[in-house]
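Open the model in a viewer and keep the sequence panel beside it. The stops below say what to select and what is there.

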Number of protein chains: 2
Amino acid sequence: MANAKKMNYVLLGLLSHEPLTGYEIKKRLNTSLRFFWGGSYGSIYPTLNELEKSGQVIKENTISNGREKIIYSITEKGTSCLREWLKNPAEKDELRYETLLKLFFGNENGFEETRKHIERFEEKTKSELQILRLFADNLFNCLDEDTHKYYYLTVTFGIKTYESYLLWCQEAKELIERWESK
Amino acid sequence: MANAKKMNYVLLGLLSHEPLTGYEIKKRLNTSLRFFWGGSYGSIYPTLNELEKSGQVIKENTISNGREKIIYSITEKGTSCLREWLKNPAEKDELRYETLLKLFFGNENGFEETRKHIERFEEKTKSELQILRLFADNLFNCLDEDTHKYYYLTVTFGIKTYESYLLWCQEAKELIERWESK
DNA sequence: TGACAAATATATCAATCTGATATATAATGC
DNA sequence: GCATTATATATCAGATTGATATATTTGTCA
């Protein structure tokens, strides 16, 4: 059980909050977790089946409104696996920014195109920052619930980070302007 | 040629600076690029062979000091592929922080262990920030060279970001303390 | 000089993950 | 009544990681 693939723990973590279907798990990955973790159906559904075989989650086949659903719940075994993993230090914090890659190779692209990359990045960051601030405001009004406290911590991380991205965008554009003008 | 896998362009970009062996490419990924992009031998060597077959790089088998080397150089075709890709907007900027995952599921882990995750993250950030500042200082003394200007942009991004991480660590620890004491 | 560790160098593979696609039904909007 | 969007599960080719195998050279300490 020691140190399985990460997706196992993502699913166990989400199911530790509440029972969910694979589809609902994907929605969580696209909203609450999207700023720091991802996951596709191609890993969600097979992993749920593996976790069921090893007794860490249980399936419940249901039909609601004529639609078939498979609702997954975490078991005691699953909870203890999750807790063990949570105690261990994080192994990898990784940034993978294509924007920075395109800046790094900018000598083949020029200042003008590089500025465009920065401006696109700036716009995207601004709109994501709006979303994060909305999340933060909503969470702030129900911090009594424990899960919300931890969620709030990750949202403030995103806000602080994105604010610094915007500051860097300013600096970077100024640097380029200076380099262009001589 | 339109929109091949990312590793193609990483290799072409590095070879646009200078001819390199696969081993030297890996070293670049472990140093200059490590803060925003990665890559393993398992993708480097096969991709170099593919690029050679499609005429974007050329191999040169050499022996220096009795050691066999394969030095790769970019061709005109490779350069134009790289330039085309560089002009297109970046498709994906992705953060994948296991630390944040462990914070998010903190309700199964508690405040004490969560604080430890933050402190470990803080220490790691401090030491990476030192490295980045060293990079920045060295680059600042030779900004006349074009490739260094673009490199410098990415390093300042890293510094701004990591500085904001450290500010967040303070805030996060204060939040936890407040939550613990009531 | 000899012994051992570290660096240089290429290559491959199982396990994993992504992005796309396929399939089907229910709800919503116009 | 028709089209689009949302719900829901499942699979697969292609890409990537992390580990491992192999072999030589260089550096270090005694």
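On a 1 Å grid over the protein atoms alone, a cavity is a set of points where a 1.4 Å probe fits but cannot get out, while a pocket is an open set with protein on both sides within 12 Å along at least five of seven lines; lining residues have an atom within 4 Å of a point. Grid points are joined across faces, edges and corners, and the volume is the space filled by probe spheres set on them.

Before going on, note that this is a predicted model, in which local features need pLDDT of at least 70 and side-chain atom pairs count only at pLDDT 80 or more, whereas totals for chains, interfaces and linings use all residues. Residues are numbered from 1 along each chain as its sequence is written, chains are lettered from A and ligands numbered from 1 in the order in which they are written, and side-chain values use heavy atoms, with hydrogens and water left out.

**Stop 1: the largest cavity**

Select Leu95(A), Phe35(B), Thr154(B), Phe157(B) and Gly158(B), the closest to the centre of the largest cavity among the 15 residues that line it. The space there is about 110 Å³. Next colour helix 7 (residues 146-180) of chain B, which gives the largest share of that lining, eight residues. Helices (H or I, at least four residues) and strands (E, at least two) are DSSP runs, numbered from the N terminus.

**Stop 2: the largest pocket**

What volume does the largest pocket hold? About 570 Å³ of space lies in it. Its lining has 32 residues, and the closest to the centre are Arg34(A), Phe35(A), Glu128(A), Asp93(B) and Glu94(B). Two or more lining residues come from each of helix 2, helix 6 (110-140) and helix 7 (146-180) of chain A, and from strand 3 of chain B. Helix 7 of chain A gives the most, eight residues.

**Stop 3: Asp93(B)**

Stay with Asp93(B), which sits in strand 3 (residues 93-97) of chain B. Its side chain reaches the backbone nitrogen of Glu98(A) at 2.9 Å. The side chain of Asp93(B) also makes a polar contact with the side chain of Lys124(A), at 3.1 Å. A polar contact is a pair of N or O atoms within 3.5 Å; within protein, one must be able to donate a hydrogen and the other to accept it, and residues adjacent in sequence count only if both atoms are side-chain atoms. Leaving out residues up to four places away in sequence, Asp93(B) touches Arg96(A), Tyr97(A), Glu98(A), Thr99(A), Phe121(A) and Lys124(A). Contact means heavy atoms within 4.5 Å.

**Stop 4: Lys160(A)**

Move to Lys160(A) in helix 7 of chain A. Its side chain makes a polar contact with the side chain of Glu171(B) at 2.9 Å. Not counting residues up to four places away in sequence, Lys160(A) touches Ser164(B), Leu167(B), Trp168(B) and Glu171(B).

**Stop 5: Lys102(B)**

Select Lys102(B), in helix 5 (residues 98-104) of chain B. Is this residue buried or exposed? Lys102(B) is buried, with a relative accessible area of 1%. Buried means under 20% relative accessible area, exposed over 50%, and partly exposed in between (1.4 Å probe, protein chains only). Lys102(B) touches Trp85(A), Leu86(A), Asn88(A), Pro89(A), Ala90(A) and His117(B), not counting residues up to four places away in sequence.

**Stop 6: helix 2 of chain A**

In helix 2 (residues 22-30) of chain A, select the buried residues Gly22(A), Ile25(A), Lys26(A) and Leu29(A). Looking down the axis of helix 2 of chain A, these buried residues fall within an arc of 100°, so they line one face of the helix. The arc is that of the directions from the helix axis to the C-beta atoms. The buried residues of helix 2 pack against helix 1 (6-17), helix 3 (41-53) and strand 2 (67-74) of chain A.

**Stop 7: the two chains together**

Zoom out to both chains.
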